[in-house]
Amino acid sequence: MDLVKFVQDEFVTKKDFPEFSSGDTITVYYEIREGNKTRTQFFRGVVIQRRGSGATETFTIRKMSGTVGVERIFPINLPALQKIEVNKRGKVRRARIFYFRELTGKKARIKEVRK
């Protein structure tokens with residue numbers, strides 16, 4: 001296992017993204033290829049979880065699209081990821097806020113951390 005970790009640390013390029021954790025509202029800009037054209041699309045939502053470590057780390061974002069909840073899982077080392085912006089810092093007491101899926105309306109608000 002140490003050899004795998006060594007290879008990941010040496011050869012996988014690390015992108016410099018801002019620090020974020022569960023409860024934060026972030027915007028992820030990523031590249032989409034359609035045929036031979038490419039365009040940039042963004043996904044703005046609340047981080048539900050971060051899991052894994054190193055090259056295999058992923059994070060899950062949830063947003064409401066109309067009345068339907070949409071979740072998307074992004075690997076942190078996805079080559080198509082262009083940038084991540086932290087819009088709001090949220091104050092939550094858990095690392096994985098799966099209870100957020102069942103909340104609707106005013107109960108689905110997350111308290112903001114003031115600096």
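**Exercise 1.** Determine which residue lies over the face of Tyr 30, and at what distance from the ring centre.

*Solution.* Arg 72 lies over the face of Tyr 30, 4.6 Å from the ring centre. A charge sits over a ring if NZ of Lys or CZ of Arg is within 6 Å of the ring centre and within 35 degrees of the ring normal. Likewise, Lys 83 lies over the face of Tyr 29, at 4.8 Å from the ring centre.

The model is predicted: local features need pLDDT of at least 70, side-chain atom pairs count only at pLDDT 80 or more, and totals for chains, interfaces and linings use all residues. Residues are numbered from 1 along each chain as its sequence is written, and side-chain values use heavy atoms, with hydrogens and water left out.

**Exercise 2.** State how many aromatic pairs the structure holds, and classify the pair of Tyr 29 and Phe 42.

*Solution.* The structure holds five aromatic pairs. Rings of Phe, Tyr and Trp (its six-membered ring) pair if their centres lie within 6.5 Å; planes under 30 degrees apart count as stacked, over 60 as edge-to-face and the rest as tilted. Tyr 29 and Phe 42 stand 5.9 Å apart, centre to centre, with 45° between the planes, and the pair is tilted.
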